[in-house]
Amino acid sequence: MSAHPDQAPVAPVAGPLAARPDTVLEIRDLSVVYRTPGGDVRAVDKVNIDLAAGEVIGLAGESGSGKSTLVYGASRLLRAPALITSGSVRYAGRRVTEPVDVLTMKPDELRRLRWREIAIVFQSAMNALNPVLNVRDQLIDVMHAHLRIGRDEARERAASLLDLVGISRERLRSYPHELSGGMRQRVMIAMALATDPEIVIMDEPTTALDVVVQRDILAQIVELKERLGFSILFITHDLSLLLELADRIAVMYAGQLLEIGTAEEIHREPSHPYTKGLLNSFPSLRGPRRELAGIPGSPPDLRDPPPGCPFLPRCGYGTAACREVDMDLLPVTSSQDPSHVTACPFVLPQTPALPGIPEPAMPQAQQETEPETAEELGA
Amino acid sequence: MSEQTQALTSAAAARGPLAMAAVSVSKDFRIGRHQTLHAVRDVSFNLYRGAVVALVGESGSGKSTAARLLAGQERLTSGVIQLDGKRVEVAGRGDFRRYKSQVQMVFQDPFSSLNPVHTVRYHLQRPVKLHQGKDVHVDTEVAALMEQVRLTPAKQFLAKYPHELSGGQRQRVSFARALAAKPSVLLADEPVSMLDVSIRLEMLSLLDDLRQRFKLALLYITHDIASARYFADEVLVMYAGEIVERGPAEEVTQQPAHPYTQLLVASAPDPDNLGSTLRSTTHRTGARDTSGRQASGGAQKTGDAAAAGCPFSPRCPLADDHCFAEDPALIQISATRGAACWHLDQAAPELIGRQPDNGHTNLTASSHNENLN
């Protein structure tokens with residue numbers, strides 16, 4: 001990416017996509033709230049992100065960070081009380097001549113977009129598959145709904161889709177309950193690919209599976225992606241998995257993106273304290289044993305988010321200045337890669353980690369950045 | 001088999017006295033007219049006060065069934081469970097309650113293991129009254145429990161219902177409920193799997209803190225072998241109802257001997273391995289045909305009655321006729337390590353070659369084993 005999301009001006013809807021010529025999905029300034037009696041919950045707050053053709057973007061964050069809401073909002077899958085309050089989502093694929101604005105689409109336009117252009121693999125394959133239809137009927141159902149295709153051709157294609165995801169054709173007549181968890185998830189992937197979509201959204205597709213099966217399925221996904229050339233938005237809370245799988249990783253917290261960078265950059269030079277915390281949260285199987293710190297505390301109440309950085313109460317580097325910081329993603333100053341952006345202007349990859357677990361709700365002053373604010377904060 | 005395992009010293013033994021022992025424990029389930037599922041097969045291990053033993057395996061490997069057997073929630077098909085050196089025999093309700101006040105369990109899902117119509121206070125008062133007798137001050141005990149699991153201020157949480165708590169807070173209530181009985185053994189069945197990554201570590205360190213404070217003998221069941229590396233003293237790897245490898249946590253995870261353990265370790269996400277098998281830049285053709293040495297994915301055989309051979313043999317790259325015909329017992333690799341494989345000389349040559357002074361090479365150990373059977 002030559003220009004990073006914030007510097008790119010929000011282009012008029014009819015113009016070409018700003019950031020990069022092969023961008024297939026451009027999310028600008030997207031905000032989603034949940035209307036509740038207790039006030040609006042700001043689930044997604046002014047998020048900018050681009051997905052390029054053939055790219056794998058990993059969205060990482062805890063439950064409630066808004067990662068699913070962001071993606072479902074961008075594909076217009078949310079219902080009330082969810083409400084998109086601002087932003088634009090533009091889609092440009094092989095089959096689309098002009099970029100289209102997803103958020104202003106009419107129902108019949110949306111219907112042509114869904115599945116044909118943007119398909120989704122849901123987390124819980126048991127709930128997402130219809131228990132009273134066999135695998136073949138479900139696959140054919142999708143094709144009839146979204147493609148102009150004859151009966152025999154659809155049957156043949158259903159069989160070849162199962163080949164594609166590594167399930168034997170004998171399983172065409174199986175019902176979901178007759179399949180193992182891994183096979184169900186493969187069927188879900190086959191269904192998503194039935195219409196040759198441009199973008200496949202994967203919402204925690206392997207979370208319920210064993211590590212061995214998970215690895216098989218991820219390998220399958222990557223292989224299919226290479227072969228068919230679709231882009232992937234991969235949602236998970238498991239950052240370790242994204243480091244291996246994704247081209248770029250976007251870290252989300254309290255409805256905002258805190259850091260975006262290539263997997264290498266995020267792994268080697270995580271800049272935002274939250275990313276550092278996430279990386280220091282899971283035990284590694286290889287390499288020397290290291291001290292794990294985790295992230296004490298819990299996310300803020302999004303009905304009334306505190307001003308400034310949402311991570312401040314849990315941050316080991318926090319200063320008084322953090323209450324006024326605006327959450328724009330800016331390039332990491334020490335990084336060679338301009339696409340590596342962070343929302344924290346104070347902490348750099350080199351900033352040393354504080355020893356031990358910092359006390360929650362008692363942020364310690366960071367010596368290098370704002371030494372004079374330490375007293376203010378303590379008072 | 002039993003002689004073999006007794007020759008093996010648990011890596012957890014140094015931590016404290018023996019609290020609980022499972023000796024050749026088996027559990028069969030009838031799943032049809034003439035079908036039996038051998039959920040747990042001839043499993044032996046010890047739990048020591050103040051030590052963590054991790055039971056690692058994929059779903060369906062029998063690790064939860066093993067825990068339920070120890071918890072007295074399932075009847076043994078064969079074998080013996082000992083508590084403080086005495087055979088456990090639960091004859092009536094009184095026995096069961098006394099047993100439960102020593103052996104407590106924490107479940108995976110904090111959303112379904114708490115009663116939605118009762119407050120936190122109720123969840124904790126009940127076990128305190130039941131297990132600690134009439135002469136304790138219930139409210140003081142409950143407050144102390146809340147402090148132990150760091151749910152403070154206690155007053156604020158005691159009146160809450162489960163749906164008002166986050167996943168981590170609910171799991172803390174589950175821990176407090178288990179501690180209310182003042183147990184010596186805590187069986188934790190995937191205690192952090194349902195929680196967010198950022199909270200998991202906090203919960204594990206809480207569990208570790210409780211273990212130290214109360215000298216708990218902890219059985220930690222997980223499918224995440226990486227967390228077992230950090231958290232446990234000894235790791236037992238289960239596959240299709242059998243323990244296929246056991247040993248000190250660091251050794252088992254860093255130098256796995258059994259082909260299944262090797263597959264488990266290789267499958268775990270590895271952030272340090274950027275540009276690995278999964279990255280799109282490299283060409284990759286699925287786990288099963290990368291090389292001959294890589295064990296394949298696929299379903300485990302959950303052992304019907306006819307299964308005679310090694311349970312892992314259908315997926316094992318080293319399997320031969322011997323493996324299909326005969327199930328290997330645990331073969332001792334070192335004083336604290338063992339693995340059940342006929343081909344350890346191929347699977348882990350560096351481990352076998354390491355102690356020629358033992359007198360037992362791989363081959364003699366296994367033939368010795370055959371004689372025992």
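User: pLDDT is the predictor's confidence in each residue, on a scale from 0 to 100, so what does it do over residues 355-379 of chain A?

Analyst: This is a predicted model, and over residues 355-379 of chain A pLDDT stays under 50, although the model has 37 contacts there beyond four places in sequence. Residues 1-17 of chain A also have pLDDT under 50 throughout, with 36 contacts beyond four places in sequence.

User: And what is the mean pLDDT of chain A?

Analyst: The mean for chain A is 82, with 87% of its residues at 70 or more.

User: Switching to the interface, how many residues of chain B are in contact with chain A?

Analyst: On the chain B side 37 residues are involved, and they are in contact with 44 residues of chain A. The elements of chain B that give two or more residues to this side are helix H8 (197-214), helix H9 (225-231) and helix H11 (259-267).

User: Which one gives the most?

Analyst: H9(B) does, with 5 residues on the side of chain B that touches chain A. By class, that side of chain B holds 15 nonpolar, 14 polar and 8 charged residues.

User: Now H4 of chain B: what should its length be, and what are its end C-alpha atoms doing?

Analyst: Helix H4 of chain B covers residues 120-131, and because each of its 12 residues counts for 1.5 Å, the helix should span 16 Å, which agrees with the 17 Å between its end C-alpha atoms.

User: Which of its residues are buried?

Analyst: The buried residues of H4(B) are B:Val120, B:His123, B:Leu124, B:Pro127 and B:Val128. Seen down the axis of H4(B), these buried residues fall within an arc of 120°, so they line one face of the helix. An α-helix has 3.6 residues a turn, so residues three or four places apart point the same way.

Conventions: Residues are numbered from 1 along each chain as its sequence is written. Chains are lettered from A and ligands numbered from 1 in the order in which they are written. This is a predicted model: local features need pLDDT of at least 70, side-chain atom pairs count only at pLDDT 80 or more; totals for chains, interfaces and linings use all residues. Two residues are in contact if their C-beta atoms, placed from the backbone, lie within 7 Å. Helices (H or I, at least four residues) and strands (E, at least two) are DSSP runs, numbered from the N terminus. Ala, Val, Leu, Ile, Met, Phe, Trp, Tyr, Cys and Pro count as nonpolar, Asp, Glu, Lys and Arg as charged, and the others, Gly among them, as polar. The expected span of a helix is 1.5 Å times one less than its number of residues. A residue is buried if 20 or more other C-beta atoms lie within 10 Å of its own, exposed if 12 or fewer, and partly exposed in between; C-beta atoms are placed from the backbone. The arc is that of the directions from the helix axis to the C-beta atoms.
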